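Here is a friendly walk through one protein chain, in questions and answers. Have the viewer open and follow along.

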Amino acid sequence: IRRWLDTLLHVADTPERTAAAFATGVFFGFSPFLGFHTVLAIIVAFLFNLNRVAVLLGVYSNLPWIIAPYYAIVTMFGAKIIGHAPPAGFKAQLAGLFELSVFHGEFWHRLITILKPLLWPYTVGSLLGAVVMAAIAYPLALAFVTSRRKIHDILHHHHRCSFPAAFGG
């Protein structure tokens with residue numbers, strides 16, 4: 001993670017633009033556009049001339065082990081917002097789904113049938129969640145980039161100042 005974050009320092013953009021690029025990536029990484037998030041984020045990066053590395057770092061901040069809990073939570077949040085209850089017997093249907101093999105068409109047919117009523121709660125919840133995550137990501141990325149650049153400048157300035165002294169100059 002540190003190596004990824006340090007990559008943010010090697011760009012010519014201002015810290016604000018770098019943080020905005022990262023936050024844009026975070027938005028797409030946590031958005032309802034799962035599966036298309038990388039392509040959409042890169043298109044937006046090109047349209048707004050944002051740093052592509054910072055955008056991709058933001059997109060992939062939604063790590064595999066948090067994807068399922070995140071989308072489950074924001075979908076339930078979306079359901080509460082729009083006043084939509086999960087379908088009757090949802091948990092039992094979902095549990096029964098995993099008795100089937102993912103390599104059979106019946107698994108995918110049942111999955112779509114079970115999840116279809118949750119499309120709007122998923123969309124609303126993950127869209128709002130993505131906005132919140134991007135709003136949190138921007139000031140954190142800005143603080144990180146600004147502080148790391150200051151440290152880099154101090155170390156670089158110290159190195160330039162002490163170099164001539166080491167040779168008697």
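Before we start, a word on touching: contact means heavy atoms within 4.5 Å. Please also keep in mind that this is a predicted model.

Q: Which residues does Tyr138 touch, not counting residues up to four places away in sequence?
A: Start from the place of Tyr138, which is in helix H8. Contact requires heavy atoms within 4.5 Å. With neighbours up to four places away in sequence left out, the residues that Tyr138 touches are Glu16, Ala19, Ala20 and Ala23.

Q: How many Å apart in space are Tyr138 and Ala23, C-alpha to C-alpha?
A: Ala23 is among the residues that Tyr138 touches. In sequence, Tyr138 and Ala23 are 115 residues apart. In space, their C-alpha to C-alpha distance is 5.1 Å.

Q: Is Tyr138 buried, partly exposed or exposed?
A: Buried means under 20% relative accessible area, and exposed means over 50%. The relative accessible area of Tyr138 is 30%. That value lies in between, so Tyr138 is partly exposed.

Q: What pattern does the protein chain follow along the sequence?
A: Counting the elements, we find eight helices and zero strands in the protein chain. Read along the sequence, the pattern is therefore α-α-α-α-α-α-α-α.

Q: Which residues form the nonpolar patch on the surface?
A: Helix H5 (64–82) and helix H8 (119–166) each supply at least two residues of this patch. The largest share, three residues, comes from H5. Together the patch residues have about 520 Å² of accessible area, and they are Phe77, Ile81, Ile82, Trp120 and Leu128.

Q: Why does Phe77 count as partly exposed?
A: Phe77 lies in helix H5 and belongs to the nonpolar patch. Phe77 counts as partly exposed because its relative accessibility is 45%.

Q: Which residue forms a salt bridge with Glu106?
A: A search of the whole structure finds one salt bridge. Its closest N and O atoms are 3.1 Å apart, within the 4 Å cut-off. The partner of Glu106 is Arg110.

Q: By about how many helical turns are Glu106 and Arg110 separated?
A: Both residues sit in helix H7 (residues 105–115). Glu106 is partly exposed at 38%, and Arg110 is partly exposed at 37%. Because they are four residues apart in the helix, the separation is about one helical turn.

Q: Which element gives the largest share of the lining of the largest pocket?
A: About 620 Å³ of space lies in this pocket. Its lining has 20 residues, of which Tyr71, Ala72, Thr75, Leu115 and Tyr122 lie nearest the centre. The elements giving two or more residues to the lining are H5, helix H6 (90–97), H7 and H8. The largest share, six residues, comes from H5.

Q: Which residue has a positive phi although it is not a glycine?
A: Look in the loop between helix H3 (37–47) and helix H4 (52–59). The residue in question has a phi of about 50 degrees, and its name is Asn49.

Key
Residues numbered from 1 in each chain as written. Predicted model: local features only at pLDDT ≥ 70, side-chain atom pairs only at ≥ 80, totals over all residues. Heavy atoms only, no water. Patch = residues over 30% accessible without salt bridge, like charges linked within 9 Å, V, L, I, M, F, W, Y side chains within 5 Å. Areas by Shrake-Rupley, 256 points an atom, 1.4 Å probe, with all protein chains shown as cover. Salt bridge = Lys/Arg side-chain N within 4 Å of Asp/Glu carboxyl O. Buried < 20%, exposed > 50% of the residue type's maximum accessible area, 1.4 Å probe, protein only. 1 Å grid on protein atoms, 1.4 Å probe; cavity = no way out; pocket = protein on both sides within 12 Å on 5 of 7 lines; lining within 4 Å. Points joined across faces, edges and corners; volume = space filled by probe spheres on them.
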